[in-house]
Amino acid sequence: MNSRRAIPDVAIAGGGMIGGACALALAKNGFEVALIEAREPAPWHAEDREDLRVIALAPSSAKLLDELGVWNSVRDARVSPYARMQVWDAESGAQLSFDASQDGRAELGWIVENKLLQWTLWQALEQAGVRRVCPGELRDFEARADRVSLELNEVEPLSARLLVIADGAKSALRDKAGIATHGRDYAQRAVVAHVATEKPHEGTAWQRFTREGPIALLPLRDGRSSIVWSLPEARAREVLALDDAAFCEAVGFASDFRLGRIIEATPRASFPLRLRLARTYATQRCVLLGDAAHAVHPLAGQGANLGLRDVSGLVSVLAEARDAGRDFAAPHVLQRYARRRRSADTLDALSFDALARAFAWRAPPLVALRGIGMRAADALAPLKRRLAAHAAGRI
């Protein structure tokens, strides 16, 4: 741990991908930053097999990482660009396709290992002058007129002018800040694994909506695909208990054998699916960031991208206030960030939730209506371009 004792401008609780990116962005914008994290992230090594946890990184996120000076390292280490996305509905037969070339771009996005990105950000923090309080655990805090006093577990107390809470969807610190949430439990789990397929993935992200839930096959650089399969909890437990041969067969059927037979699969993991939105993103000298502010359904693959857009929004607002000679942690400044990002995040989260509800329709008239909507979206080039631009973070 760095021994400097000066009061930092910003303390960030949570050193995951979003907290790390925020710390690096603030430091590069001239803020004194302390990052509090219980444990150092696991090192990433090129000889390791791909991490089961992957994200679909949008161009807006890659742009931010490039501005932070880490994108080249991540891209050169191991990422999987994809230029096309194919979505189809098992019930109605409707399809929706996206192609980067139609927008004059080489990629729609990149599949990136969470472990690789987190480790790359962590390594960049020290060089940027971020004080890493690790191991460190923020047990409690008290907002005062000019600072936030932080009580750390087995570490001397710390104060900062602003506290950024980025400790994840189950944030205990959000609760301590008195910020309520609302949402719903989908009663589903996402089953994740990497699979080898009979046919090449063609640099395409494939997603099929079935009666049980959506299954996505995301392209990996070594030719395999990363699957994210959303299932009712009981069915997810059954799938997790299958032997490898039965699991491969189940994935093949769920994906309509679009990539042929599933030849091989890694051990599986799963996580519960919930929609959770914070009622506000800011309170006295505290703001929420990433999953602490919003947990969304993974069907659109946008959770991490929303968090990185939070980072860009927060840093912009804080830097603007500081450069104008104002208190960057004043309530009206933090509310500016909170209004902008909560509005955008809520719109996206509820859109993903509406998609999840629409693809759960079973009545034949509603299934037909869903199919009409998908076919219309696929046929209307301006609408499709707008959907692609939004997913890329350009609007």
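Predicted model: local features only at pLDDT ≥ 70, side-chain atom pairs only at ≥ 80, totals over all residues.
I'll start with the cavity. The count of cavities of 30 Å³ or more comes to one. The largest cavity holds about 40 Å³ of space. Its lining is made by Glu50, Arg78, Val79, Ser80, Ile111, Val112, Glu113, Leu220 and Arg221. Two elements give two or more residues to that lining: strand E4, residues 79-82, and strand E7, residues 109-113. Which of the elements gives the most to the lining? That is E7, with three residues. Sorted by class, the lining has four nonpolar residues, four charged and one polar.

Now the helices. Two packed helices are described by the angle between their axes and the distance between the axes. Here the pair is helix H8, residues 303-323, and helix H9, residues 331-358. They pack at an angle of about 165 degrees, and their axes are 9 Å apart. An angle over 145 degrees counts as roughly antiparallel, so H8 is roughly antiparallel to H9. The crossing of the two, H8 and H9, is right-handed.

Which residues make the contact? On the H8 side they are Leu306, Arg309, Asp310, Gly313, Leu314, Val317, Leu318 and Ala321. H9 brings Val333, Leu334, Arg336, Tyr337, Arg340, Arg341, Asp345, Asp348 and Phe352. By class, the contact of H8 with H9 has nine nonpolar residues, seven charged and one polar.

Key
Residues numbered from 1 in each chain as written. Heavy atoms only, no water. 1 Å grid on protein atoms, 1.4 Å probe; cavity = no way out; pocket = protein on both sides within 12 Å on 5 of 7 lines; lining within 4 Å. Points joined across faces, edges and corners; volume = space filled by probe spheres on them. Helix = DSSP H or I, 4+ residues; strand = E, 2+ residues; numbered from the N terminus. Nonpolar A, V, L, I, M, F, W, Y, C, P; charged D, E, K, R; others polar. Axes fitted to C-alpha atoms, helices over the stretch in contact; angles between N-to-C directions. Parallel < 35°, antiparallel > 145°, perpendicular 65-115°, else oblique. Left-handed = near helix turned anticlockwise from the far one by under 90°. Contact = heavy atoms within 4.5 Å.
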